[in-house]
Amino acid sequence: MKRKVSATTRLLHDLFTQYPSTFIAFCELLNNAIQAHAKNIDIKIDYPSSSEISLNLIRRIEVKDDGIGVYLDDIQDKLLDFGDSAKKGGKGIGRFAALQIGSNVVIETVGYDQNSKRYSRSIIPFNEQYIKSVKKIEDLEIDTDEKVLNGNHNTYYKVIIDHIYDPSIVGRNQKRKISERLLEPNLANAIFERYPIVIFNKTVRFKINGKILKPDDFIEGEPIRHTLSYVDKKGKEHALYFTFIQLKSTIEEIKVFLTTKNAGVDTIVWGFEFEADWLDPTSKGWFVYIHSDNLDTDLYRNLELEGMDNRGHDFRMFIKDRLNDFFKAKNKKFDDFLAKLRKDNYYPYKNPENATSKSKVVLFDKVAYLVEERYNLFTVNKPLREIIYPLIDRTIVTGELDEVLKKILRLENKTVKQFKSLLDRAEIEDIIDFSERVSKKLEDLNLLEKLTCTEISKHIAERKELHKVLEKMVWVFGEQYLDNTTLLSDTNLENNLKKLRGKIFTYKPDKKEDNISEEVKGTAKSITDLFLYSEKPIDGVKREILVVELKAPKVKISSIEIQQAMKYARQIEESPFYTEDMNVHIILISTDINKDTQFNIKGIQKPRGNPFFYFQNENKNIVVSVMRWAQVIEINKRKLNYLSGRLKIKDIDVEEKINNDFSEISFDKVRSTLRKVAIPQ
C-alpha cells in the first residue's frame, strides 16, 4: 500500500541530524518504547567479529518492545505525519531517530484496535536516499506492507536499522558517528546510566543480544532515597527527590544527574561530578539522581555552575550541602584512620615541610587507607609501616604505584584498580610532578648560586663542581633547554668545537682592559675558564648545539671576551663541520661585566625570550648571548618562585575557588566541589 507522507521541509532536514549523538538518537527509540508502556525492550546489535576487517563498528541494530504498537488505522496519523512532532499517543518526531544512525530503517509493528477488537501488522520502510531524492514534499510516498491479522497476537513495535553510515558519510556529519557508548563493551553500562531507576525497579526489562540487564550486575545493595525540602529565594517550598545508587564497577567517580520528566520518561538535563579530598577512597562509584516535580523548569534545565544569578547559586549550594551531609555520614571510618595516621611516627608528612604538594599528601592518605583495609598495618602488621609508607610515597612520584602494589603487595585486582583510578587523575599527577620538579630546581638553583655568587665561588675545590652541576641544569640558560641533559652525541663535532675554542679563547685578562676582578684574591686567581657543550633535538632533522663559555671568577667580561665569542661564532659558520641542520647558541657567562661592555649590551634590542641577546648571524642560526651569574640566578629564581606560587593556588585542588563556591560551609569540616560535566552522549 502506498501512503503519502505529510511533512515540512524543516522537519525533513531535522530528521537526519536531530540529536547530539547516535547514542542519544538510539535512546530516543528506548524512550518511545517506555512511553508505549513496554515491559520488555529487546536490543540486538550485530557487531563485526574481532578478526573481521570492517569500516563500520556496527552492521545492524534492532530494537523491539512489547508496548502497545500501532494499529494500521493509526499509521498515517501516528507514523507518517511529519508535520506534528508530538502527536498524542504516537511516537513523535523521535520515531525517526534511527535515520541518524543508518540510511535504511524499517518499522514493523503489531497493533490492536479497541473498536474492532482486531490486530494488524504493518511494515514501513524508510530510506534516506529516496527521501532526499524527492524534489517535492507532496510527492513523497512510502510503500507499506499492511495486513489485518486473525486471532490473538502480542503487540510490539520494532525498529530495524541497517546500512549504518560509514566513515565517508560521518566525515561530513559528525552527528552520525557511531558513539563509543553503542559499542559492545560499553552499551550495558551506558543504558544503565541512562535508565537506572527503571532497571532497578524492574519497570522495564532490557535485553542486549540475549542477555538481560539485572540490577545486581550494576548495583551494590539497594538505592538510598531521600526526599528533601528546598525553599527557593521567594520562600516557596519544593520537594527534591535524591536517589543514591552505589555501583559495582562501572565508574570510579561520584556522578550527579539532575533529571526531569519528558513525556513520562526520566531524562537527564544536567550532569556533575562531586569531589572532596576527605572522601573515603572505597566510597567511589556512585550515581546520584535528583528530581523535582514542581521546581521552576527554567532554573532546573538551565542550571550553570559559574556566573549564575542568586537563585542558581542558592540551588547549587543546597545540592552540595546535601551531598556533603550524605557522604560525610559514610566517611567516619576514613576520618578515624586519618586521625591515627597523622600521629604515626612512620607517616612521612608529620613535618609539613616534607610535603611539596598538597595533592601528593591527599593521594598518599587515600592509598595508605586502601592498604590498611587490606593488611591492617596498625593492628596486625605494625612493622611493615616502616617499609610500606616510604614505598608508597616514592612510587606516587614515579607513577608506578599500581605496578608495585600488584607485584610486591599482591593486592586484589579490584584494589589495584582503585589505586590506578587515583593515579589516572591527570590533574593530580601533573601537580605532583610539577611540584617535585619546581622543588628540585629551586634546590639546584641554590647550589648554583653558592658556586657562582658567594664566597664558595672563590675556592678551587667547590668551583670545580660547577662544570658537573651545569651539565645537568642547562635549563638555567633558557626555557628551551628545560629538562635537557644530553651532551653532544657527535664526538667529531665536539672535538672540532674544542679545537677551535683552543685557538680563539687564548687571551689572558689584563688590568688595563678592565677585565680582571679586584675582589678575587689568593688561590681563587688560579681557577681557570670552563666550557661545556650540549645538544637538543629541535625536530626530526634539526638540532641546537649549546656552547657555554664559563669565564673564571677573576674575569670580568669586556669587549675582548665578546670579540673572542664573535670570532668563535664566525669561524664555526665557516668551518667544514658546520651543517645546515645545526643551530648554534654560544653563551658567554661570568661573575661580572665591565661598565663599558654593560653599556653596549643594554643598547642592543633583545628578541622576546632572550634577555641576554648580543648577536645573531644573517641566517639566524647562530646566536651569541652574554650573561652575568647574578642575572641568571635572579631571573630563574623569579620564575621558579612564580611557579611555586601558582602551584600553591593550583594544588589546593578541592579547595579551588572555595571562597566563592562554599562561602556558607564550614571549611574546617567540609571541603568539596561540584563540577559541571557534559551529559553522557
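The points below go from the chain as a whole to single residues.

The structure is a predicted model, in which local features need pLDDT of at least 70, side-chain atom pairs count only at pLDDT 80 or more, and totals for chains, interfaces and linings use all residues. Residues are numbered from 1 along each chain as its sequence is written, and side-chain values use heavy atoms, with hydrogens and water left out.

**Whole chain**

- The protein chain has 22 helices and 23 strands, taken as DSSP runs numbered from the N terminus (helices: H or I, at least four residues; strands: E, at least two).
- Of its 681 residues, 49% are buried; buried means under 20% relative accessible area, exposed over 50%, and partly exposed in between (1.4 Å probe, protein chains only).
- The chain exposes about 34600 Å², and carbon and sulfur atoms supply 48% of that area; accessible areas come from the Shrake-Rupley method with a 1.4 Å probe, and for residues only the protein chains shown count as cover.
- Among contacts (heavy atoms within 4.5 Å) between residues at least 6 apart in sequence, 72% join residues at least 24 apart.

**Helix 10**

- Helix 10 spans residues 332-341, and Phe334, Phe337, Leu338 and Leu341 in it are buried.
- Seen down the axis of helix 10, the buried residues fall within an arc of 100°, so they line one face of the helix; the arc is that of the directions from the helix axis to the C-beta atoms.
- An α-helix has 3.6 residues a turn, so residues three or four places apart point the same way.

**Salt bridges**

- The count of salt bridges is 20, each being a side-chain nitrogen of Lys or Arg within 4 Å of a carboxyl oxygen of Asp or Glu.
- Lysine 78 and aspartate 74 form one of them, at 4.0 Å from N to O. Lysine 78 counts as buried at 19% relative accessibility, whereas aspartate 74 is partly exposed at 29%.
- In the salt bridge between lysine 158 and glutamate 108, the closest N and O atoms are 3.8 Å apart. Lysine 158 is in strand 8 (residues 156-164) and glutamate 108 in strand 4 (residues 102-113), so the pair ties together parts that are 50 residues apart in sequence. Lysine 158 is buried, with a relative accessible area of 13%, and glutamate 108 is buried with 15%.
- Arginine 501 and glutamate 549 meet at 2.7 Å, N to O, in a salt bridge. Arginine 501 belongs to helix 18 (residues 491-504) and glutamate 549 to strand 17 (residues 543-550), so this pair ties together parts that are 48 residues apart in sequence.
- Arginine 501 and glutamate 549 are both buried. A network of salt bridges links Arg501, Glu549 and Lys551.
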